[in-house]
Amino acid sequence: MTDASKLRAFDPRIHAGIPQFLEGKGFSPEASEALLELDMALFQWRRMAEKGEFKGKVLEGVTETLEPALLQGLLSIAQLSAGIGRPDPVQPTIGMVAEVMAVDPSRASRIVSELVSRGFVERRAAQEDARRSVLAVTPKSRKFLGEFTLSKWRILSEVFAGWEGEDIATFSRLFARYVSGILAVVSEAKDVPSEAVKP
C-alpha cells in the first residue's frame, strides 16, 4: 500500500461512503474523484479565509489597519453604496449592513459606531426621509478602499499570472455557477417549514 493509499484509508469521506454515494447519484468515478479534490481545495480556502490570511496579506499594502470585523463592515457599506451584487446602489443603513455581514443589528451598530468614531463612515439623514439615518463613506475611507482594492488586485494578478485568458474565463464562469448552485440549495433549505424538517 502506498503512502497516499494509507492516508486515504483514514479519510472520513471514504469511511462515510461518499464516492459510492456520488456514483449512486449518477457521477462517474472520475467526476467523484474530482469533487473530492474540489472539497479539499475549498477546505483549504475556507481555513485560510477564516484565519484572515488573504485579507492580512492584502492589508500589508495599505497604510491604515482595520480589525477584521471593522474591515468587513466598511466593505459591506462600500458594496451597498456601489450597488455591487444589487440592481442599483442604495443608501446603506445599519439593518442592511447587518444583513450583508450576516450579524445581528446590535453587532452591526457597534461596528458602524466604531467606524464613525475612527472617521471612516458618516451618519447622514436620508434624502427622502430626514428622520431615517443612512451611512456614507468619508474621504479617509475612499483613500483606504482605493489602497485596499489595488493591493488585492496586485495579489490576484500574481495568482492568475500565466493563466490563459480562456482558462480565467472558464474558471470565473464555473465558479459563479458553483456559487449560484450553493445559494439555490441553501435558499431551498430556508424555505422548508421548520415542522417539515425531521431529525
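The side chain of arginine 13 makes a polar contact with the side chain of aspartate 39, at 3.1 Å. A polar contact is a pair of N or O atoms within 3.5 Å; within protein, one must be able to donate a hydrogen and the other to accept it, and residues adjacent in sequence count only if both atoms are side-chain atoms. This is a predicted model: local features need pLDDT of at least 70, side-chain atom pairs count only at pLDDT 80 or more, and totals for chains, interfaces and linings use all residues. Residues are numbered from 1 along each chain as its sequence is written, and side-chain values use heavy atoms, with hydrogens and water left out.

Stay with arginine 13. A polar atom of its side chain lies 2.8 Å from the backbone oxygen of leucine 36. Arginine 13 is buried, with a relative accessible area of 16%. Buried means under 20% relative accessible area (1.4 Å probe, protein chains only). Beyond neighbours within four places in sequence, arginine 13 is in contact with Ile18, Pro19, Leu36, Asp39 and Met40. Contact means heavy atoms within 4.5 Å.

Now turn to the pockets. A pocket is an open set of points on a 1 Å grid over the protein atoms alone, where a 1.4 Å probe fits, with protein on both sides within 12 Å along at least five of seven lines; lining residues have an atom within 4 Å of a point. The largest pocket is lined by 31 residues. Nearest its centre lie Trp45, Phe54, Lys152, Leu156 and Phe175. The second largest pocket is lined by Phe175, Tyr178, Val179, Ile182 and Leu183.

Methods. Buried means under 20% relative accessible area, exposed over 50%, partly exposed in between (1.4 Å probe, protein chains only).
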